[in-house]
Amino acid sequence: MNAPLLQVNDLKKHFPVKGSILRRNASRVYAVDGVSFEIARGETLSLVGESGCGKSTVGRAILRLFDITAGQVVLDGQRIDDLSPDRLRRIRRRVQVVFQDPFSSLNPRLSVRDILAEPIRNFDLAKSSAELESKVASLMDTVRLPRDALDRRPHEFSGGQRQRICIARALAAEPDLIVCDEAVSALDVSVKAQIVNLLQDLQREFGLALLFISHDLAIVEHMTHRVAVMYLGKIVEMAPRNQIFAAPKHPYTKALLSAVPVPDPAARRNPMILKGDVPSPINPPMGCRFHTRCPFVFDRCRSEEPELRQREEGQWAACHLETLPETPALAT
Amino acid sequence: MALLEVENLQTHFRTPDGITRAVDGVSFHVDEGETLAIVGESGCGKSVTSMSLMRLIPEPPGKIAGSIRFRGKDLLKLSDREMRDIRGNDISMIFQEPMTSLNPVLTVGRQIGETLQLHQGLDKEAAEARAVELLTLVGIPEPARRVREYPHQLSGGMRQRVMIAISLACSPKLLIADEPTTALDVTIQAQILQLMLDLKRRVGAAVILITHDLGVVAEVAERVMVMYAGRKVEEAPVADLFRSPRHPYTQGLLGAVPKLGSSLTGAARRLAEIPGQVPSLKQRITGCAFAGRCALATDLCREVAPGLEEKSSRHFAACHFAKKEAAAA
């Protein structure tokens, strides 16, 4: 079997919280606190979870938009989290990103042509200006935008079209992996479908691996191969798509799935509604981090943190319970 | 008689480059105690519709025409003072962003109490006592302590609970909720939706729910109205709309949303796309507003705007090609 394209080993990222004059560096935000996973070539792994669970921080750590606190990020057998800026630059070509907001992630002063040419020039991917021009033009075809739009600027495009430009810019560097950080969350329903379909086509066409960070479980289910569910800086469950959606092993996954409103009035069901809010990542709960909201909590959960263990082929969960009870004690 | 009857509502805005027809001739009604959902994508006019009902549109540059009859009274003919008596009392509103709709320098208790003092003439102590009751009602733990806290001390879900407490303070007849859960996480959204339904039943208010999330619509609405480019294109009881959408736009929308559980029921199919994008509202649209993106469009559609027709019992659609069903039992 081939080595995975990307390996993340026990990644940690803590942010200091500014204290007052009297209490310097009073505390830290444990944004990501020991996360490990792999992504194979051409695979989509989705990171899901609610706001503040650390999913975007994981994406940013892989892109090395900041230095990590501990752990390793390995691309194709090579550690990239400790590379010098100079060597990192060459690696950057292979991991690109598409952000949530296509309005703020494109430079309003550049034409689409310049936006797309920049990565090609930057990484010396074209030998002549004629080649550069033809690459830029073919990128427009790839993301289904008209070539005659090349001289226009970002403000002349709609949200969906801008997201296509962002995708084209990511593709310009000929990457192996694209981190999509809520890449379709800001788009309207009909446009979202267009972009999701486009991403799936491109993955097939170029054999791209995707790290798809999203809170939208229905979209995730539609396009992913595997899913990792995060809660308060940790992965609580990771499994291939069919297993996790059919039979989640972690109560949090189960609650998340049951909270998603289903666009089918005939399917009105009794959702498992969690009590309370997500605790603060500055002071995460002892033991299992989910125990404050878990309907199945018992003594052991409060004192001992469950390990991420393999339950079925490829399905990992961090819960003391072997099987989840059928009917949870419903909270109101 | 319907609680609210809106007829030919037109809300236009004067802008430097012409008139934007944000809402362009929309009629609908809401019955007592009913939940009506208004769905559509950004820019379809759903929020402007709700702001128009409350007369929260600044005039100028905005201009509201048509009629909005609430319990027989035309809201558009009322003086500002009379309108103020209705806002927050008979009709109240919940907005999307609980952080920006709460006043950051007033305690939660003051903000709930304000409504009560103004509309029900309670004194300060009575208003605060009632505020604690309302916080208990919306499921906020330790209400006696929370009532003295400021919005920044609360989580997003709790702030939205406070907004709901404010909106229900005077037991309104109509509650307008404009994307009330869009800014919240799914597990919190589930809590808030359940709470809203619960309270609605207890207070007996009618609800207009404005959302872009078809999942939320399916879970809470009784009747649905679909808007596109400032116009109403379809209206039906919720089960009917999801089972047999008549308008090509509604059909497109429903096909574009992946359903949770899709991987379990056979191969995940490709999502349906609606090609193109919403037309600009700055030019007057002749013909059907959806014609430019519709696979069925003909010259007729481009020239004549289809009227809203009852295609089957209580199911209206504005499309030349949506078939009329023979009146069956």
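Modeller: In helix 8 of chain B, the buried residues are B:V186, B:T187, B:I188, B:Q189, B:A190, B:Q191, B:I192, B:L193, B:M196, B:L199 and B:K200. A residue is buried if 20 or more other C-beta atoms, placed from the backbone, lie within 10 Å of its own. Helices are DSSP runs of H or I of at least four residues, and strands are runs of E of at least two, numbered from the N terminus. This is a predicted model, in which local features need pLDDT of at least 70 and side-chain atom pairs count only at pLDDT 80 or more, while totals for chains, interfaces and linings use all residues. Residues are numbered from 1 along each chain as its sequence is written, and chains are lettered from A and ligands numbered from 1 in the order in which they are written.

Biologist: What covers the buried residues of helix 8 of chain B?

Modeller: The cover includes helix 9 (251-259) of chain A, along with helix 7, strand 7, strand 8 and helix 9 of chain B.

Biologist: How many residues of chain B are in contact with chain A?

Modeller: Two residues are in contact if their C-beta atoms, placed from the backbone, lie within 7 Å. Here 40 residues of chain B are in contact with 37 residues of chain A. Helix 8 of chain B gives the largest share of chain B's side, 6 residues.

Note on methods: Buried ≥ 20, exposed ≤ 12 C-beta atoms within 10 Å, placed from the backbone.
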